[in-house]
Amino acid sequence: MTATAPPPGRDLRVEELRAISEGFEGASPEAVLYWAAGEFGEEVALATGFGAEGCVLIDMLARVAPRLRVFYLDTDLLFPETYQLAARLNVRYGVRFERRATRLTLDAQAEAYGERLWERDPEECCRLRKVEPLREMLKGLRAWVTAIRREQTPARARAEVVERDAKFGLVKINPLAGWSERDVWTYVVEHDVPYNPLHDLSYASVGCVPCTTPVRIGEDPRAGRWRGTAKTECGLHR
Ligand code: SF4
């Protein structure tokens, strides 16, 4: 990079991003993905945790932007069903998932921080196993695509379709920001999109094994994550 070249993610100003985002409000997620692929090429990637929303975006990408990169954060603590879903998506769509993970093995983490860090300090555990690997991945990008929806959590309620991610210093694209849970599942059914079978066992939101439980009828969909604590986010979307 030359001294005069804009640093990654700073070539679209906040006002420009806001105008682009307003233009996409109410547009189809496919239109947003198509634009993202054209605008950023190899320097944009979809982050997926293999939730239903991520599966929907992968289905859309196969049609409108099949070369767009897709990555996931492997904490080494995901459910077997999640790894199996990744394999099914690979077969169905031919998508090559880029795996990102900490170099800290679970044994090394236990030695350095004590056993079952997720029980005593889930913030630190998420920082080590999710946030820092994400930061490393995003350093090489100008934009990332997420599957977040506004109605999921208070922290996501103000998400724009296209916005500046101040935390990680690049453009953040949320094609499903305005979608409801019903929109997601309607799409899954209509397009026969593969999804995690744990959703059929009352796991509304699926993360790491130690921090995910089923939800009861009437509970918030993310109530099963870090149950019994005030934590609702991994730290990826603040
Ligand atoms: S979700 Fe739980 S196990 Fe997974 S990284 Fe966060 S605290 Fe650790």
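## Close-up views

**View 1. D76 counts as exposed, because 12 C-beta neighbours lie inside 10 Å.** The model is predicted: local features need pLDDT of at least 70, side-chain atom pairs count only at pLDDT 80 or more, and totals for chains, interfaces and linings use all residues. Residues are numbered from 1 along each chain as its sequence is written. D76 sits in the loop between strand 2 and helix 4. Helices (H or I, at least four residues) and strands (E, at least two) are DSSP runs, numbered from the N terminus. The phi of D76 is near 70°, a positive value in a residue other than glycine.

**View 2. D192 has a positive phi of about 55°, although it is not a glycine.** Find D192 in the segment after helix 8. Is D192 buried or exposed? D192 counts as exposed, because it has 9 C-beta neighbours inside 10 Å.

**View 3. The largest nonpolar core holds 47 residues.** A nonpolar core is a set of buried Ala, Val, Leu, Ile, Met, Phe, Trp, Tyr and Cys residues joined through C-beta atoms within 7 Å. V44, A45, A143, W144 and V145 touch the most other members. Several elements each supply at least two residues of this core, among them helix 2 (29-40), strand 1 (44-47), strand 4 (143-145) and strand 6 (170-173). Which helix gives the most to this core? Helix 3 does, with seven residues.

**View 4. V145 touches residues including A36, V44, A45 and L46.** Two residues are in contact if their C-beta atoms, placed from the backbone, lie within 7 Å. V145 also touches A47, L57, I173 and P175. Residues up to four places away in sequence are not counted. Another core, of six residues, lies apart from the largest one. L117, C125, V131 and L236 are among its members.

**View 5. The protein has eight helices and six strands.** Along the sequence, the pattern is α-α-β-α-β-α-β-α-α-α-β-β-β-α. The radius of gyration is 18 Å, close to the 18 Å that the globule rule gives for 238 residues, so the protein is as compact as a globular protein of that length. That radius is taken over C-alpha atoms, and the rule is 2.2 Å times the number of residues to the power 0.38. Buried residues make up 38% of the 238 residues.

Terms used: A residue is buried if 20 or more other C-beta atoms lie within 10 Å of its own, exposed if 12 or fewer, and partly exposed in between; C-beta atoms are placed from the backbone.
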